[in-house]
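Please take a moment to look over the sequence and the fold below before reading on.

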Amino acid sequence: MSDYIIALDQGTTSSRAIIFDKKGSIVSTGQKEHEQIMPRAGWVEHDPIEIRDNMREVIGIALGRANLTRHDIAAIGITNQRETAVVWDKNTGIPVYNAIVWQDTRTQPIVDRLAGEAGVERYKDIVGLPLATYFSGTKIVWILENVEGAREKAEAGDLIFGTTDTWVLWNLTGGPSGGVHATDVTNASRTLFMDLKTLQWRDDILADFGVPRSMMPEIRSSSEVYGEARDTSLLRETPVAGILGDQQAATFGQAAFDAGESKNTYGTGNFLIFQTGTEIVKSENGLLTTVGYKLGDGPAHYALEGSIAVTGSLIQWLRDQLGIISSAPEVEELAAKVEDNGGVYFVPAFSGLFAPYWRPDARGAIVGLTRFANRNHIARAALEATAFQTREVLDAVNADSGVDLTELKVDGGMIANDTLMQFQADILGVPVVRPVVAETTALGAAYAAGLAVGFWNDLDELRANWQEDKRWTPNDDVAERERQLRLWKKAVTKSMDWVDADVN
């Protein structure tokens, strides 16, 4: 009897394998970080071979810690950093260039060229997204235009593309020896190439970008058997049966399946998803329209998303670049040493501003500094930046949906930070709720895989697994909340219009 599901979570900073039981509880975890490669300002890359090898290793770690084998695993689910682009030779399995990460901004000239007189919303009615460096489509173009020989090999049909779910799936199911080249609708909806209505690649948009159709993976549902693990993996012959982009996976793991349900994930960036059901809702307030999930032959379910580029990675920056903390939890210790931010506001527009502004010309700014300010205030301002950005996205969701959220379900690594979660509730004016199983991204991928093979019967069974762990309720000082928001919005304006011909 196979009593467990394994989720492979290929994230921005690490790759993980997490084994879940029937109740959706974590049995064991394997995790390895990978290198963040930043060759120039605005460039962020990963080594796909390192990711592939780490993923194989964490599978062994997770199985070993639980004393399990492949015979105990009913299915494999995959979740991933959605817009990070990998282009590789299908004959050798060797990438022609490093993976270009979703945070990377090098493709702004390509965005400008494609936008032309039509503007960045040229394709938005079709694909739900504005033209932006965030999405994988322009990253493929950059590789084809800047890697020697790439264009010729792509035109000859030798190069294929995938976001990291596709890269993991292809390698897991055989690689050059018959690996499955596919993605799911949620990841496909983040490329700039998929028609939200037909759930198929648009040949006319691919032609505009100059991307050969032969490079693109097959688009499949989020919950079906794509193939079996075939390589040297410890999971050989186990069906790979679920794929969801990380934010959609987290929403699924929160059992937020229906229109009007939502979650906010606090990870490398922050991503708030609001389900709109089978209806495609176009945003008037700077949000993205995306696919939430599609189960087998069932209809696609859509969502509005507010994407924030830098939240958890700001804490990583304080540790690795600035050196004012030695570990991530230390930021809360520093922040707790002061009563407030001392008038300091930190706008982490390292990759420009995402939702709801979409300002690629913005760059990071710390404002309000006086001689009174110290590293404790900066640490607190860094935490508060996450909450302020979430408030602005939530305001946009409320405006687009016409329905004010009454509470916010949260997940991700930063929700262990009580100072942040309390400030989040305070600045939102609604309760913030954390589930017992906080690893909802991996859980969502496990759920998708488990549904496909009958490990779980239906969505009601998954809803029954969800349990509340902790709730933060807001204070009632509305005047202070509005004062803080006013100053935050003022700080955001100071980060804009920074990039010009001489500044990257």
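In which sense do strand β20 and β21 pair, and over how many bridges? Strand β20, which covers residues 432-435, pairs with β21 in the antiparallel sense, over four bridges, and valine 432 has tryptophan 472 of β21 as its bridge partner. Two strands are said to pair if DSSP finds at least two bridges between them, while strands (E, at least two residues) and helices (H or I, at least four) are DSSP runs numbered from the N terminus. In general, strands of a sheet pair through backbone hydrogen bonds, either parallel or antiparallel.

This is a predicted model, in which local features need pLDDT of at least 70 and side-chain atom pairs count only at pLDDT 80 or more, whereas totals for chains, interfaces and linings use all residues. Residues are numbered from 1 along each chain as its sequence is written, and side-chain values use heavy atoms, with hydrogens and water left out.

Axes here are lines fitted to C-alpha atoms, for helices over the stretch in contact, and angles run from 0 to 180 degrees between N-to-C directions.

Elsewhere in the chain, the axes of helix α2 (residues 108-115) and helix α4 (residues 136-146) come within 9 Å and cross at roughly 105°. That makes α2 roughly perpendicular to α4, a term used for angles of 65 to 115 degrees. The contact (heavy atoms within 4.5 Å) is made by Ile110, Val111, Arg113 and Leu114 of α2 and by Thr138, Val141, Trp142 and Glu145 of α4.

Finally, lysine 90 lies in the loop between β6 (85-89) and β7 (99-100). Leaving aside neighbours within four places in sequence, lysine 90 is in contact with Gly157, Asp158, Ile160, Trp170 and Pro176. The backbone oxygen of glycine 157 lies 3.0 Å from a polar atom of the lysine 90 side chain.

Technical notes:
Parallel < 35°, antiparallel > 145°, perpendicular 65-115°, else oblique. Polar contact = N/O pair within 3.5 Å; in protein donor to acceptor, adjacent residues only side chain to side chain.
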